[in-house]
Amino acid sequence: MAPPRSKKRRPTFRRLLKTSGLKLENKMKNRQMKQENVAKKQRKEQKKMRAAVKDAVIKTPRPLETYRKRPEEEQDEEFLESLPTDMMEEDDVQQMTAMARHASFITRDLSSCGPVHGAKKRSSEVVRGYEKVPRKMRRTEEKEVIHLLPIKDQRGVVPQSMERVVVKQPEEEEEEEEVAADELEFENEPEDSSALTAEQREQLRVHKINERKLCIARLGSAVVSDPYSNIKRVKELRGMLMESDPSVAVTVRKLVMVSLMEIFKDVAPTYRIRPLTTEEKASKVKKDTQQLRDFEEGLVSQYKFYLEDLEQTIKDWKQTKKKRSQAVGFQSYLGLAQVAVRCLCELLLALPHFNFHNNIVVVLVPLMNDSVKQVSGMCCDAFRKLFQQDKEGGASLATVRVISGLVKSLGFNVRPELLSTLLSLRIKEVQMKKDIEDTAPKKKFMNHKEKKKSLSRMQRKWKKAEEKLEKELLEAEASESKEKKIKLHTETLNIVFLIYFRILKKAQKSVLLPAVLEGLANFAHLINLEFFDDLLNVLQNLVQSGGLTSRESLHCIQTVFTILSGQGEVMNIDPLTFYSQLYRMLLRLHAGVPNDDIIIVLRCLDAMLTRRRKHVSLQRAMAFVKRLSVLSLHVLPNASVGVLAASRATVHAFPKCDFLLDNEVQGSGFYLPELDEPEHCNAQNTALWELHTLQRHYHPVVRRMAVHLSHGAPSDGSASLGVELSRRSPVELFNLYSVKDMTFNPPVAPPGSKKKDRFVFGATLLDAELQRRAERVLADTEETELDFTTAHTH
């Protein structure tokens, strides 16, 4: 049986001829190229051999050059030797011998290679300096190859190209010459300055610093003016961080750090730069796109190296590492580290969206716990500003994670200021879980079944295109999604509460407890309902232990009632212990303690009496009103305004408190002001006589509030308050009339006055205008006059 015929088509004779001709041409070209490459290699090897032989010949020692004497010189020597020496005296012979031994310029043989004078170093240094000067060689013209469209002929496709001479701009040449001149000046500076006086050394130092400043300014302006083309200049500027001259090293490094910080703040884009993939690197792009890619790659790399330099500076300060160059002394490490920390703080706030932001956070968070107050203060202030300006929540979440890890790793042995920064978190804007559905977009897109039931084919097509366009518009919006914010804030809040609960569980006696209680009071309205029982028990034990200060106890009370006024309303709890604790603490406040405690008291009263009016008895409310009126006598004027405003709110919440404005007894028993239980002190059997005293207060707002309360706090009429006072909360009124740096020097009634008028006002005169008003009011009073000359005006 015959083999099957091949289906492959046999080439024709003409095609074979054409193919063989092309192969021959290719073989000839390859052979020529190989021969040229071999010749090039041989030439290179011969060149290297010649250079090696030349170096070996130069390095081999040679004897001094000897010159052949002329025949006339030989005859003169023979003639001199033939002269009789006995005709000369011995003194003359000795003198001639000494002269021969000490040869001068006249007697020296010019052909000798030895130096005449050993002090001819200046000329050699001059020659060496000239050798260092860069020579302007004749530059070959740079040519750029431009690829043209190929043509096709009988041989096939023939590529075409054209060469074009690249004309270099004169500005670039001038800059290169300036850089070379600066480098030459730095090299030619005198190294040995021990022979100079102190004034000359200072002048030389100032001169060097000015030169470095000019160099920094030139490089910085070049980068900022055209960052896409001059991003490589950042590397030259960063190289100045390794300044080796001890006289200017510290100053120059500080200047370079701050300059690079400002450059990166100006040049960095408003987006995060991601690394390119291998496919993107291999693909061909436009010239502008390639320039942008080169700029981004250079910027990220230089920014990374700059951050590493700053971190290394801080590490050297911490480890007191001794460098080999000895350019920076141990005493200067702290100054360099402070500048480095300041630069990192500025970059943390200015570039929260850029690369390596989390790395900056990791470096700066441990420094918040540093023993140097300047360093820790700078870091704490930077993170407070970061929390306040962070609208998205990503930077805050990263920072809180690092803080949690630091507190846990150090065993709660950290500074309270570190936890106080968490109070600046913008988590008050977070909505609860029950409101997450309300934050979702109201417009919902139809699914396929709904479209098929209610819409025709053409309508479905138009609906699909419309939904696609709306999705693209939503993605193009600059505002972040509310759902994303809620997730970030919820995770951040969980980590914050984890820090607080760990400290409450394991370190109740640490110095961090005040910061923890203040933080719980600030974020109590966001605590999960599952933790209420345990948290209330812990806070109650802390209050009853008696080991807390007044402010810590107030924070505990504020936390409890903030919880009970929010989600805790569903819990049937009567926190009588906390009411008694606050009632007991009111008498501890006076004009000599900080006014910050008054703000906490006002917030607690609002949560305890006004918001929980349904759970408070009338006896308890009247007891608090009576004690608040007593408190208003011995606090500063702004605190008196706030306390009277809290009494007014309580009177509006409990109208039957007007019993306190009547002198008649409303029940059995006597009022017990020293008793700390508000339910059993018989407050209904007393009267608010303090309001009559406060009506003669020197502060006009205090007088107005006292008159208003003495008339039963009416909403209209002559005794009513104006809009500017009635619509403000007690805390707002306290802040409105607060005066900082007030000294406590109260006016006292003179000895000649009546006994009932011998009382002390717990405040000072605010200014001369208030003093005149007080004197005018007291002049109208017939019962007594108070001497206000002992009060200091401010």
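Is the crossing of α22 and α24 left-handed or right-handed? In this predicted model, α22 and α24 cross in the left-handed sense. The report below describes this pair of helices, and then other parts of the structure.

## The protein as a whole

The secondary structure of the protein consists of 32 helices and 2 strands. The protein has 794 residues, and 35% of them are buried.

Contacts within the chain can also be described by how far apart the partners lie in sequence. When contacts with a separation of 6 or more are considered, 70% of them join residues 24 or more positions apart.

## Helices α22 and α24

Helix α22 covers residues 532-545, and its axis comes within 11 Å of the axis of α24. The two axes cross at roughly 35°, and the crossing is left-handed, as stated at the opening.

On the α22 side, the residues in contact are L536, L539, Q540, V543 and Q544. Their partners in α24 are T577, F578 and Q581. By class, this contact comprises 4 nonpolar residues, 4 polar residues and no charged ones.

## Helices α6 and α9

Helix α6 (residues 198-225) and helix α9 (residues 249-267) form another pair, with axes that come within 11 Å and cross at roughly 15°. Angles under 35 degrees count as roughly parallel, and α6 and α9 are therefore described as roughly parallel to each other. The crossing of α6 with α9 is right-handed.

The contact draws on R205, I209, R212, K213, I216, G220, V223 and V224 from α6. These residues meet T251, V252, L255, V256, S259, I263 and V267 of α9. The contact of α6 with α9 includes 9 nonpolar, 3 polar and 3 charged residues.

## Two single residues

C215 is located in helix α6. Its relative accessible area is 10%; buried means under 20%, so C215 is classed as buried. C215 and L237 are 22 residues apart along the chain, and their C-alpha atoms are separated by 8.6 Å.

E308 belongs to helix α11, which covers residues 287-319. With a relative accessibility of 38%, E308 counts as partly exposed, because that class lies between the 20% limit for buried and the 50% limit for exposed. Between E308 and N359 there are 51 positions in sequence, and the distance in space is 10.0 Å from C-alpha to C-alpha.

Helix α26 is formed by residues 618-631, 14 residues in total. From its first C-alpha to its last, α26 reaches 20 Å, close to the 20 Å expected at 1.5 Å a residue. Helix α26 is mostly covered, with 11 of its 14 residues buried. Among the buried residues are R620, M622, F624, K626 and L631.

Note on methods
Residues are numbered from 1 along each chain as its sequence is written. This is a predicted model: local features need pLDDT of at least 70, side-chain atom pairs count only at pLDDT 80 or more; totals for chains, interfaces and linings use all residues. Side-chain values use heavy atoms; hydrogens and water are left out. Axes are lines fitted to C-alpha atoms, for helices over the stretch in contact, and angles run from 0 to 180 degrees between N-to-C directions. Helices (H or I, at least four residues) and strands (E, at least two) are DSSP runs, numbered from the N terminus. Angles under 35 degrees count as roughly parallel, over 145 as roughly antiparallel, 65 to 115 as roughly perpendicular and the rest as oblique. A crossing is left-handed if the near helix is turned anticlockwise from the far one by less than a right angle, and right-handed if clockwise. Contact means heavy atoms within 4.5 Å. Ala, Val, Leu, Ile, Met, Phe, Trp, Tyr, Cys and Pro count as nonpolar, Asp, Glu, Lys and Arg as charged, and the others, Gly among them, as polar. The expected span of a helix is 1.5 Å times one less than its number of residues. Buried means under 20% relative accessible area, exposed over 50%, partly exposed in between (1.4 Å probe, protein chains only).
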